[in-house]
Amino acid sequence: MATFADPDEDLVRRVGQGDPAAVQAMVARKLPRMLALAHRMLGDAAEAEDVAQEALVRAWRQAPRWVGGKAKFDTWLHRVALNLCYDRLRRRREIPTDAPPDRRDEGPAPDRGLLAADVGAAVNGALARLPDRQREAIVLCHYQELSNIEAAGLMKISVEALESLLSRGRRALRQALADHRPGAEGA
């Protein structure tokens, strides 16, 4: 079995020993990435905060028992956060609603200064409409900046399958965002 050089090994060991400075360092190092991952997966800042906090609590509880060498701690933490996101996404599907969701105004932005926010909202909306696995692949590779090998390992799929998900996800995003490209009508 292959072993990995884990840049977090010493930090996790110190957290496991109850070092308050190590806990602070772990939160400072990992919280922004966990928040970004959860926000991209869920599209809701409050839920993203809950997921990121729960993932870090689980990391803190796991730290005394962490055995390095099998996988990177960061990879394990990403998997925990993704699982928590999927739990929340499943719960969302189980809640019936009486009214359809509000639709985003498709008209052009009233002020050119708001264009970046408009495009950002469109990207987030298009990302949220992707199938879960395509969204997960896009988020891990493009927003979390994991390599294809790391993302495929996290998703427990082959690199080829990951590349297929990325290709389909990118194609769907290009279609959904066609109106937001420079030179497109209304942009």
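Biologist: Hi! Quick one to start: are R88 and E47 buried or exposed?
Modeller: Both R88 and E47 are buried. Buried means under 20% relative accessible area, exposed means over 50%, and partly exposed lies in between, with a 1.4 Å probe and protein chains only. Please keep in mind that this is a predicted model, where local features need pLDDT of at least 70, side-chain atom pairs count only at pLDDT 80 or more, and totals for chains, interfaces and linings use all residues. Residues are numbered from 1 along each chain as its sequence is written, and side-chain values use heavy atoms, with hydrogens and water left out.

Biologist: Thanks. What do the side chains of R88 and E47 meet in?
Modeller: They form a salt bridge, at 3.4 Å from N to O. R88 sits in helix α4 (residues 73–93) and E47 in helix α3 (residues 45–62), so this pair ties together parts that are 41 residues apart in sequence. The term salt bridge is used for a side-chain nitrogen of Lys or Arg within 4 Å of a carboxyl oxygen of Asp or Glu.

Biologist: And how many salt bridges does the structure hold?
Modeller: It holds 14. One of interest joins the side chains of K72 and E150, at 3.6 Å from N to O. K72 is in the loop between α3 and α4, while E150 is in helix α7 (residues 148–155), so the pair ties together parts 78 residues apart in sequence.

Biologist: How accessible is K72 there, and what about E150?
Modeller: K72 is partly exposed, with a relative accessible area of 26%. E150 also counts as partly exposed, at 30% relative accessibility.

Biologist: Let's look at E136. Which side chain does E136 meet in a salt bridge?
Modeller: That would be R79, at 3.6 Å from N to O. Because E136 lies in helix α6 (residues 132–143) and R79 in helix α4, the pair ties together parts that are 57 residues apart in sequence. E136 counts as buried because its relative accessibility is 0%, and R79 counts as buried at 17%.

Biologist: Which residues are linked in a network of salt bridges?
Modeller: D8, R29, K30 and D74 are linked that way. D74 is in helix α4 and counts as buried, at 15% relative accessibility. Setting aside neighbours within four places in sequence, D74 is in contact with D8, K30 and R33; contact means heavy atoms within 4.5 Å.

Biologist: Changing topic: how many helices and strands are in the chain?
Modeller: There are eight helices and zero strands. Helices are DSSP runs of H or I with at least four residues, strands are runs of E with at least two, and both are numbered from the N terminus. Of the 187 residues in the chain, 33% count as buried. Among contacts with a separation of 6 or more, 62% come from residues 24 or more positions apart.

Biologist: I see C85 in helix α4. What does C85 touch?
Modeller: Not counting residues up to four places away in sequence, C85 touches A38, M41, L42 and V51. C85 and A38 are 47 residues apart in sequence, yet their C-alpha atoms are 6.4 Å apart in space. C85 counts as buried, at 0% relative accessibility.

Biologist: Now the backbone. What is phi of E145?
Modeller: Phi of E145 is near 60 degrees, a positive value in a residue other than glycine. Most residues other than glycine have a negative phi. E145 is in the loop between α6 and α7 and counts as exposed, at 64% relative accessibility. K156 has a positive phi of about 60 degrees too, although K156 is not a glycine. K156 is in the loop between α7 and α8 and counts as exposed at 71%.

Biologist: Last one: which residues gather in a patch of positive charge on the surface?
Modeller: R168, R170, R171 and R174. Patches are made of residues with over 30% relative accessible area and no salt bridge, with like charges joined within 9 Å and nonpolar side chains (Val, Leu, Ile, Met, Phe, Trp, Tyr) within 5 Å. R171, for one, is in helix α8 (residues 159–176) and counts as partly exposed, at 44% relative accessibility.

Definitions and conventions:
Accessible areas come from the Shrake-Rupley method with a 1.4 Å probe; for residues, only the protein chains shown count as cover. Lys and Arg count as positive and Asp and Glu as negative; His and the chain ends are not counted. The place of a charge is taken as NZ of Lys, CZ of Arg, CG of Asp or CD of Glu.
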